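Please read it alongside the model.

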Amino acid sequence: MTIIIAIYITLLGLVLGSFYNVVALRVPAGESLMSPPSHCTGCGARLTARDLVPVFSWLASRGKCRHCGAKVSVLYPLGELATGLLFLWAYLEFGLTVRGITAIVLSSLAVIVTVADLKYMLIPNKVLLLFAPLLLVLTLLNADGSLWLYVLGAVVGGGIILPFAWFGGMGMGDLKLFTLLGLVIGFPGVLLAFFTACFLGTLVGGMLQLTGVVKRGQPVPFGPWLAVGALLAYGYGSQIIGGYLSLIH
């Protein structure tokens with residue numbers, strides 16, 4: 001039964017990942033989620049069912065529109081695949097529990113934010129406002145310890161990003177996002193999430209500069225790394241922090 005549920009959860013993630021791509025790419029552009037229907041951005045041809053199978057349609061067409069040959073962004077299959085794998089991770093790690101559902105919702109937010117930030121360097125307020133009440137309710141149901149630790153997580157999350165946003169190193173979207181993420185992972189998990197995001201962002205950003213993919217001084221989205229750090233802290237924060245504390249004592 002576990003295998004069947006795992007397969008179902010993964011397939012659900014792949015399908016929802018396709019929808020999350022639509023949200024991430026249309027909401028920041030001020031476009032409707034419903035109209036026009038899915039279409040090729042190159043020739044405008046309406047996509048049919050064979051074009052909309054998560055991941056596999058992109059692979060089958062070799063990343064191109066089958067009508068005009070225009071390249072289809074790799075963000076589409078990566079967003080779908082990431083959602084499916086994250087849903088699977090949430091189920092295998094936490095099961096069908098409130099904590100597992102929270103992990104799925106958190107993963108959903110992470111995928112949408114990542115795709116939007118990579119495409120537009122923007123984290124949409126509408127997306128954050130949609131997820132905020134849901135994550136608040138789940139956090140209240142899932143709280144492990146004092147609720148004040150989660151409030152502190154939100155305050156610290158926003159407070160850490162504020163100086164960077166104030167002086168232009170990051171955007172206000174990053175501040176709002178990390179405030180929400182801090183609420184979900186609490187304190188001290190929010191610190192682990194931030195340090196992880198900084199480490200990964202610096203490492204990958206440096207590699208992209210060395211390979212010439214990103215030019216020196218070119219802004220790099222930080223929202224995806226905040227999301228990755230938050231997921232890591234949510235899933236394994238207590239173990240990582242506990243292990244670190246045991247080493248220094």
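**Helix packing and cysteines**

1. In this predicted model, helix α4 (residues 98-120) packs against helix α5 (residues 125-142) at an angle of about 160°, and their axes lie 10 Å apart. Since angles over 145 degrees count as roughly antiparallel, α4 is roughly antiparallel to α5. The crossing of these two helices, α4 and α5, is left-handed.

2. The α4 side of this contact consists of V98, R99, I101, T102, V105, L106, S108, L109 and I112, which meet V127, L128, F131, L134, L135, L138, L141 and N142 of α5. Sorted by class, the contact of α4 with α5 comprises 13 nonpolar, three polar and one charged residues.

3. A second pair is formed by helix α7 (residues 172-185) and helix α9 (residues 223-248), whose axes come within 10 Å and cross at roughly 5°. The helices α7 and α9 are therefore roughly parallel to each other.

4. From α7, the residues in this contact are D174, L177, F178, L181, V184 and I185, while α9 contributes G223, L226, A227, A230, A233 and Y234. The contact of α7 with α9 has ten nonpolar residues, together with one polar and one charged.

5. With regard to cysteines, how many disulfides does the structure hold? The number is zero. C65 is buried, at a relative accessible area of 8%, whereas C198 is partly exposed, with a relative accessible area of 25%.

Definitions and conventions: Residues numbered from 1 in each chain as written. Predicted model: local features only at pLDDT ≥ 70, side-chain atom pairs only at ≥ 80, totals over all residues. Heavy atoms only, no water. Axes fitted to C-alpha atoms, helices over the stretch in contact; angles between N-to-C directions. Helix = DSSP H or I, 4+ residues; strand = E, 2+ residues; numbered from the N terminus. Parallel < 35°, antiparallel > 145°, perpendicular 65-115°, else oblique. Left-handed = near helix turned anticlockwise from the far one by under 90°. Contact = heavy atoms within 4.5 Å. Nonpolar A, V, L, I, M, F, W, Y, C, P; charged D, E, K, R; others polar. Disulfide = S-S within 2.5 Å. Buried < 20%, exposed > 50% of the residue type's maximum accessible area, 1.4 Å probe, protein only.
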